[in-house]
Amino acid sequence: MKTGPVPDGQGRFGEFGGRYVPEALMGALDELERAWEDARDDATYRAELDDLLTTVAGRPTPLYEATRFSERAGARVVLKREDLAHTGAHKINNTLGQVLLARRMKKERIIAETGAGQHGVATATAAAYFGLPCVVYMGTVDVARQHLNVVRMQMLGAEVVPVETGSATLKDAINEALRDWVTNVEHTHYVIGSVVGPHPFPEMVASLQTIIGEEARRQALELCGALPARVVACVGGGSNAIGLFRGFYRDDEVRLIGVEAAGEGLEKRHGASITRGRPGVLHGARSLILQGDEGLISEAHSISAGLDYPGVGPEHAWLAASGRAAYESATDAEAVEAFSVLCRTEGIIPALEPSHALAYVLRSDEEDLVLVGLSGRGDKDVATIAESLGL
Amino acid sequence: MTALLEHLESRRAEGHKLLVPYLMAGLPDASSFPGALDALLAQGDAVEVGIPYSDPLMDGPVIAAAGERALRAGVGPLRAVAMGAEPDSEVPRLVMTYYNPIHHLGEDRFCDLLSRSGYSGLIVPDLPVEESENLRSCAADRGLAWVPLVAPTSSARRVEAIVATATGFVYAVSTLGVTGHRDQLSERAGRVVAACREATDLPVCVGIGVSTPEQARAATAAADGVVIGSAVVQLILERGAEAAGSFLSSVRSALDGVASSS
């Protein structure tokens with residue numbers, strides 16, 4: 001691939017993407033698309049966002065030489081430390097950009113969905129910073145397993161609305177956020193948390209996350225004197241992976257590898273939409289979707305709430321179809337094992353989501369330079385891990 | 001002209017306002033559904049058969065819960081389509097479904113299935129005009145009517161583009177939000193209907209938040225008819241087909257009152 005990934009006028013990445021939403025939202029998506037294109041090219045917006053990313057988010061995040069983990073992996077592993085960004089994950093890059101845009105669009109209210117709670121916390125943080133009211137939809141299963149983040153959102157002044165429908169996880173939280181948006185679209189901005197949803201969301205969120213890859217590429221050259229042979233990131237909806245991958249699209253020699261959630265195993269319950277999904281439409285875009293024989297959306301499963309999603313961003317579906325990126329998967333058990341290895345070799349407690357990427361690196365037997373997106377920290381997962389390890 | 005449009009135009013020519021009730025397939029249960037559907041067919045000028053779906057993002061609590069109930073009872077999209085196939089009735093039936101089951105089966109095959117099952121048209125609430133071109137042409141090839149939705153937020157340009165695709169009636173969404181009961185008919189309903197009326201001579205029916213005879217009467221002051229969903233579904237679930245039938249009969253009387261006074 002020689003050029004950057006820009007979707008066409010209908011928001012299509014090849015055969016994926018588009019806008020499959022009720023007519024009531026079409027006007028708002030047009031408005032958002034225009035506002036985003038205007039802001040993206042506007043020096044004032046860029047300068048404001050750069051300042052926020054520095055002073056609020058704490059960017060740039062470091063690239064970290066994981067020496068003892070490397071010994072275990074048999075490869076030279078460097079970690080892009082998004083876990084050190086404010087609020088503990090890469091999600092803040094996107095929410096600062098979108099809430100800044102929402103203010104520019106004179107929207108008075110912010111809504112969001114969240115799975116693991118990291119996007120909810122990052123949205124609540126940005127909303128608090130700008131003094132806007134914020135409602136976050138979260139499945140009841142996730143409310144239970146990511147309780148720490150529920151409390152954080154509430155402390156930040158957000159209202160957390162539990163969603164009981166369907167599988168009561170991220171998919172259903174997005175449905176409920178979309179229902180809110182259909183109702184309140186004229187004064188509300190929906191801060192979607194990943195590179196999913198109707199155009200222009202996948203492109204906008206990807207652009208706002210590209211800073212991860214831009215920094216990582218520069219830092220790899222400084223730290224290692226070379227580009228990595230492999231760039232690896234976990235993929236649920238896929239925003240941290242796209243942000244990281246985009247920094248390396250033009251470097252044909254760099255292999256891009258996304259790691260999906262294999263859950264209990266690919267023959268059982270899992271969240272591997274690219275590995276096992278089929279083309280379909282979910283949450284406003286055509287992509288690869290886990291679905292049953294009649295086009296009903298399947299319930300995904302992963303020990304990590306952030307990967308527990310039956311769809312994936314259309315840009316990933318396109319990268320998979322074009323062969324520019326490869327997609328692997330790691331099970332719940334492998335992720336928990338990799339989590340423990342990183343804790344004990346580096347003194348870093350990672351989130352369960354990037355632990356899937358670490359698991360793939362531990363499993364593979366190549367001895368090259370590999371850059372891994374450490375998308376978030378694991379405080380939120382301590383209860384899940386304690387239960388899993390019998391602590 | 002599609003068979004659906006021909007039927008609705010003849011009803012309109014006779015001075016009737018149009019009543020289009022909705023019921024999700026498989027409610028209240030598989031064995032009672034045929035009787036419930038008959039109650040709707042007895043009162044409606046056309047009837048919408050809803051297809052249960054896992055992620056109904058346009059639906060409020062009543063229809064969303066009804067869909068979960070139907071799915072739990074094993075009524076998936078294909079069985080739902082089959083349940084609404086009733087060759088004995090003269091009243092046109094339309095399928096109301098989210099897009100992914102169509103995408104999954106294939107647009108051509110889905111339209112074939114509807115045609116074979118005796119349906120007259122389809123409504124797909126999450127497929128905007130920009131994405132629906134191929135499906136519309138598949139439907140047209142089989143004489144199936146396309147019923148697009150116009151929203152309160154649709155610009156004049158969009159309204160024009162949308163109604164140009166209609167081959168059955170135009171579904172005017174009365175208010176922003178999901179399906180379900182509202183205390184009052186939205187004051188925006190009139191403006192949506194007027195915008196549609198300006199752009200087309202086809203029948204315009206108001207839906208979303210129309211759940212009483214009074215609201216139906218108010219809506220048809222300007223519109224040609226109403227779509228009633230959640231109120232019918234709730235009655236079928238709580239009080240049965242007979243209660244739904246007499247409710248629809250009272251709506252019919254209210255509509256005839258408007259028709260005769262206009």
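Let's start with the interface. Chain A and chain B bury about 2,900 Å² between them, and carbon and sulfur atoms give 53% of that area. Buried area here is the accessible area, with a 1.4 Å probe, that two parts lose on being put together, summed over both. On the chain A side, A:Glu23, A:Arg179 and A:Glu294 lose the most area to chain B, together 24% of what that side buries.

A word on the source. This is a predicted model: local features need pLDDT of at least 70, side-chain atom pairs count only at pLDDT 80 or more, and totals for chains, interfaces and linings use all residues. Side-chain values use heavy atoms, with hydrogens and water left out, residues are numbered from 1 along each chain as its sequence is written, and chains are lettered from A.

Back to the interface. Chain A puts 35 residues into the contact, and chain B puts in 37. Contact means heavy atoms within 4.5 Å. How many salt bridges does the rule find across the interface of chain A and chain B? Four. The rule asks for a side-chain nitrogen of Lys or Arg within 4 Å of a carboxyl oxygen of Asp or Glu. Take A:Lys171 and B:Asp55: their side chains meet in a salt bridge at 2.8 Å, N to O.

Polar contacts next. Between the two chains, 22 residue pairs are in polar contact, both residues at pLDDT 80 or more. That is a pair of N or O atoms within 3.5 Å; within protein, one must be able to donate a hydrogen and the other to accept it, and residues adjacent in sequence count only if both atoms are side-chain atoms.

Which elements of chain A supply at least two residues each to the side that touches chain B? Helix 1 (23-40), helix 8 (170-184) and strand 11 (278-282). Helices (H or I, at least four residues) and strands (E, at least two) are DSSP runs, numbered from the N terminus. Helix 8 of chain A gives the most, with seven residues. By class, the side of chain A that touches chain B has 13 nonpolar, ten polar and twelve charged residues. Nonpolar is Ala, Val, Leu, Ile, Met, Phe, Trp, Tyr, Cys and Pro; charged is Asp, Glu, Lys and Arg; the others, Gly among them, are polar.

Now helix packing. Helix 1 and helix 8 of chain A also meet each other: their axes come within 9 Å and cross at roughly 80°. That makes the two roughly perpendicular, a label for angles of 65 to 115 degrees. Axes are lines fitted to C-alpha atoms, for helices over the stretch in contact, and angles run from 0 to 180 degrees between N-to-C directions. Helix 1 brings A:Ala24, A:Leu25, A:Ala28 and A:Leu29; helix 8 brings A:Leu178, A:Trp181 and A:Val182.

Backbone points. The bond from A:Arg59 to A:Pro60 is cis, omega near 0°. A:Pro60 sits in the loop between helix 2 (43-55) and strand 3 (63-65) of chain A. The bond from A:His199 to A:Pro200 is also cis, omega near 15°.

Last item. A:Asp368 forms a salt bridge with A:Arg230, closest N and O atoms 2.7 Å apart.

Conventions
Angles under 35 degrees count as roughly parallel, over 145 as roughly antiparallel, 65 to 115 as roughly perpendicular and the rest as oblique.
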